[in-house]
Amino acid sequence: MDVTASSLSPRRSTRQISVGSVKVGGDAPISVQSMTTTKTADVEGTLQQIYALAGAGADIVRCTCNDQGAAEGLAQIVPRSPVPIVADIHFHVEMALAALEAGVHGLRLNPGNLRKPEEICLVASEARDRGVPIRIGVNAGSLHPDIYKRFGGATPEALVESARIELAYFEEVGFSDVKISVKASSVATMIAAYRLASETFEHPLHLGVTEAGPLPGGLLKGTAGIATLLAEGIGDTLRYSLTADPVEEARAGRQLLEALGLRERRGLDLIACPSCGRAEVDVIKVANEAQAALMELDIPIQVAVMGCVVNGPGEARHADLGIAAGKKRGHLFIQGQIVSVVPEDEMVQALVDEAKKIARDGVAARLAARDLGAEAEAEADRALLLDVKGTDVNHASERIERIRRRTQG
Ligand code: SF4
């Protein structure tokens with residue numbers, strides 16, 4: 001059975017805000033965020049990365065605004081960016097004000113290190129007047145020392161309390177255009193904090209496991225936390241925090257949402273069998289080659305690479321397109337129906353060619369154009385393989401025959 005959004009808990013209702021052209025919260029699609037790693041003062045380098053992030057699936061991109069050069073860079077980056085830009089602010093109130101002056105679509109403030117109430121109110125007033133939303137970005141690693149002491153550590157309750165106090169300052173000046181994050185590097189703490197935040201606030205929540213680390217562990221931690229909450233209906237926007245090229249963050253965010261059925265597929269979904277003793281080809285090698293070649297096409301398609309023709313086409317019949325390895329040949333199939341048989345060394349190219357044709361003509365037209373002799377050829381390969389190692393791999397019938405000869409003789 002396909003896992004779709006309808007299999008998950010209903011999404012919790014939140015207030016909707018707009019980060020530039022991207023709506024966050026309410027019934028808006030869950031958005032993907034990432035952050036540039038370039039110096040923001042390097043306008044061309046930063047824009048290049050922003051375009052790469054947008055291409056990989058980021059709906060919103062954050063850039064640090066840590067000095068005057070960064071703020072001036074933002075003034076040039078914002079009008080040329082393909083996606084809304086959020087300025088990341090730590091410690092310096094004047095950087096928040098400079099970023100607003102640069103025209104950013106959102107601010108992220110860390111309540112742990114921008115602490116003076118009058119400064120917080122000043123930024124909130126300025127953001128309110130400009131119609132720019134702010135994320136209250138609480139982080140377990142930089143919690144306000146007083147709160148840390150009061151709660152005896154960076155507990156889920158402490159993280160939510162930090163956001164609540166910041167929100168109260170905003171409300172003093174009539175500002176409520178807010179989203180909230182309560183990130184921790186501990187997945188368990190983060191899950192508990194977001195559950196509590198979801199009960200406490202009506203504002204949209206930005207999900208993330210902070211400082212998750214390099215691949216693949218960072219990806220696992222991020223997914224464990226974010227996916228658990230999304231399945232519970234919690235979360236309106238998300239960011240993977242990976243110690244990797246940020247393109248990986250954007251790609252992971254997008255793929256997670258697509259896998260959960262929360263965003264439409266817009267790129268490749270490659271599925272492949274794990275391989276086993278029955279495999280007629282190096283499945284890992286073919287799957288990797290196919291993934292690299294098909295990703296280039298940027299086509300929303302699910303493609304299967306299966307190690308044997310005995311089980312492959314049937315097990316992957318839900319895929320738009322697939323290939324299964326036979327006796328030195330590949331059986332190309334569309335939605336489980338064999339459409340052609342190709343030599344083994346042409347399997348990847350056959351997938352690429354057919355994916356392009358499906359994108360151009362559609363599945364029905366490609367099924368109608370199938371090689372009518374292919375099914376019979378494929379059946380012959382399947383029969384041969386079953387004969388060789390399929391139905392009686394343990395040679396049970398031979399053993400039974402020998403037992404009978406002994407007992408009857
Ligand atoms: S499709 Fe074939 S090779 Fe792949 S895991 Fe299944 S039985 Fe094994």
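Tutor: Let's start with strand β3 (residues 31-35) and strand β10 (residues 237-239), which pair in the parallel sense over three bridges. This is a predicted model, where local features need pLDDT of at least 70, side-chain atom pairs count only at 80 or more, and totals for chains, interfaces and linings use all residues. Residues are numbered from 1 along each chain as its sequence is written. Strands are DSSP runs of E with at least two residues, numbered from the N terminus, and two of them pair if DSSP finds at least two bridges between them.

Within this pair, S31 stands opposite T237 in β10. Now widen the view: β3 and β10 sit side by side in an open sheet of eight strands, with the order β8-β7-β6-β5-β4-β3-β10-β9 and parallel pairing. At the edges you find β8 (178-183) and β9 (206-207); each has a single partner strand, so one side of each is left without a neighbour in the sheet.

Where do these strands belong in the protein? The domain assignment (automatic or from a database) gives domain 1 as 5-259 and domain 2 as 268-389. Both β3, at residues 31-35, and β10, at 237-239, therefore fall within the bounds of domain 1. The centres of the two domains, taken over C-alpha atoms, are separated by 42 Å.

For another example of parallel pairing, look at β11, which is joined by five bridges to strand β12 (residues 301-306). There, A272 stands opposite V305 in β12.

Technical notes. Helices (H or I, at least four residues) and strands (E, at least two) are DSSP runs, numbered from the N terminus.
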